[in-house]
Amino acid sequence: MQFTLQIVTIGDCSKAEAKANFDDLLKNVPSGLRRTLDFERLYEAFGGRLVHWQDYIDDFGTHSECYKFVSVV
């Protein structure tokens with residue numbers, strides 16, 4: 001028997017709510033960089049903690065000049 005433990009903090013959003021928020025946050029990201037943001041990978045890292053999503057994606061929108069020279073694999 002295998003058990004999975006997921007820690008949920010009061011205030012964390014569901015995956016569906018996080019996806020809706022993610023779609024809204026993408027509006028602040030330059031179109032050329034949007035393809036580099038994968039919802040499933042970010043959800044695995046941040047879960048439903050929207051503050052982390054906001055900070056991470058804001059960096060893409062604010063510091064887009066830094067990412068021009070980054071090669072995406």
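**A walk through the model**

Mentor: To start, buried residues make up 26% of the 73 residues in the chain. Keep in mind that this is a predicted model.

Trainee: Thanks! How many helices and strands does the chain come to?

Mentor: The secondary structure amounts to 5 helices and 0 strands. Reading from the N terminus, the order of elements is α-α-α-α-α.

Trainee: What's the average pLDDT for the chain?

Mentor: The mean is 78, and 68% of the residues score at least 70. Among the elements, helix α1 has the highest mean pLDDT, at 93, while helix α5 (residues 64–67) has the lowest, at 54.

Trainee: And where does pLDDT stay under 50?

Mentor: That happens over residues 69–73. For that stretch the model has 2 contacts beyond four places in sequence.

Trainee: OK, on to the helices. Which residues of α1 are buried?

Mentor: Helix α1 covers residues 15–25, and its buried residues are A18, N21, F22 and L25. Looking down the axis of α1, these buried residues fall within an arc of 105°, so they line one face of the helix.

Trainee: What about α3, which residues are buried there?

Mentor: In α3 the buried ones are F39, L42, Y43 and F46. Their arc around the axis is only 100°, which puts them on the same side of α3. On the other side of α3 you'll find R41, E44 and A45, which are exposed.

Trainee: What follows α3?

Mentor: That's G47, and its phi is positive, near 60°.

Trainee: Let's talk about the core. How many residues does the largest nonpolar core have?

Mentor: It has 14 residues. Those with the most contacts inside it are F22, V29, L37, F39, L42, W53 and I57. Helices α1, α3 and α4 each supply at least two residues of this core, and α3 gives the most, with 4 residues.

Trainee: Why would side chains like that end up together?

Mentor: As a general rule, nonpolar side chains in soluble globular proteins tend to be buried together.

Trainee: Pick one for me, then. What is I57 in contact with, leaving aside its neighbours within four places in sequence?

Mentor: I57 is in contact with F22, L25, V29 and L37. For the chain as a whole, take the contacts between residues at least 6 apart in sequence: 63% of them join residues at least 24 apart.

Trainee: Switching to rings: how many aromatic pairs does the structure hold?

Mentor: There are 6 aromatic pairs. One of them is F39 with W53, a stacked pair at 5.4 Å centre to centre with 25° between the planes. This pair links distant parts of the chain, since F39 is in helix α3 (residues 39–46) and W53 is in helix α4 (residues 50–62), 14 residues apart.

Trainee: Are F39 and W53 buried or exposed?

Mentor: Both F39 and W53 are buried. They also belong to a cluster in which ring pairs link F22, F39, Y43, F46, W53 and Y56.

Trainee: And which charged end sits over the ring of F39?

Mentor: That's K19, whose charged end is 5.5 Å from the centre of the F39 ring.

Trainee: Last topic, V29. How far apart are F60 and V29, C-alpha to C-alpha?

Mentor: Their C-alpha atoms are separated by 6.0 Å, although the two residues are 31 residues apart along the chain. F60 is found in helix α4. With a relative accessible area of 8%, F60 counts as buried because the cut-off for that is under 20%.

Trainee: What about D59 and V29, how far apart are they in space?

Mentor: D59 and V29 are 8.8 Å apart, C-alpha to C-alpha, and 30 residues apart in sequence. D59 also lies in helix α4.

Notes:
Residues numbered from 1 in each chain as written. Predicted model: local features only at pLDDT ≥ 70, side-chain atom pairs only at ≥ 80, totals over all residues. Heavy atoms only, no water. Buried < 20%, exposed > 50% of the residue type's maximum accessible area, 1.4 Å probe, protein only. Arc of directions from axis to C-beta. pLDDT = per-residue confidence, 0-100. Contact = heavy atoms within 4.5 Å. Phe/Tyr/Trp six-rings, centres within 6.5 Å; stacked < 30°, edge-to-face > 60°. Lys NZ or Arg CZ within 6 Å of the ring centre and 35° of its normal. Core = buried A, V, L, I, M, F, W, Y, C linked by side-chain atoms within 4.5 Å.
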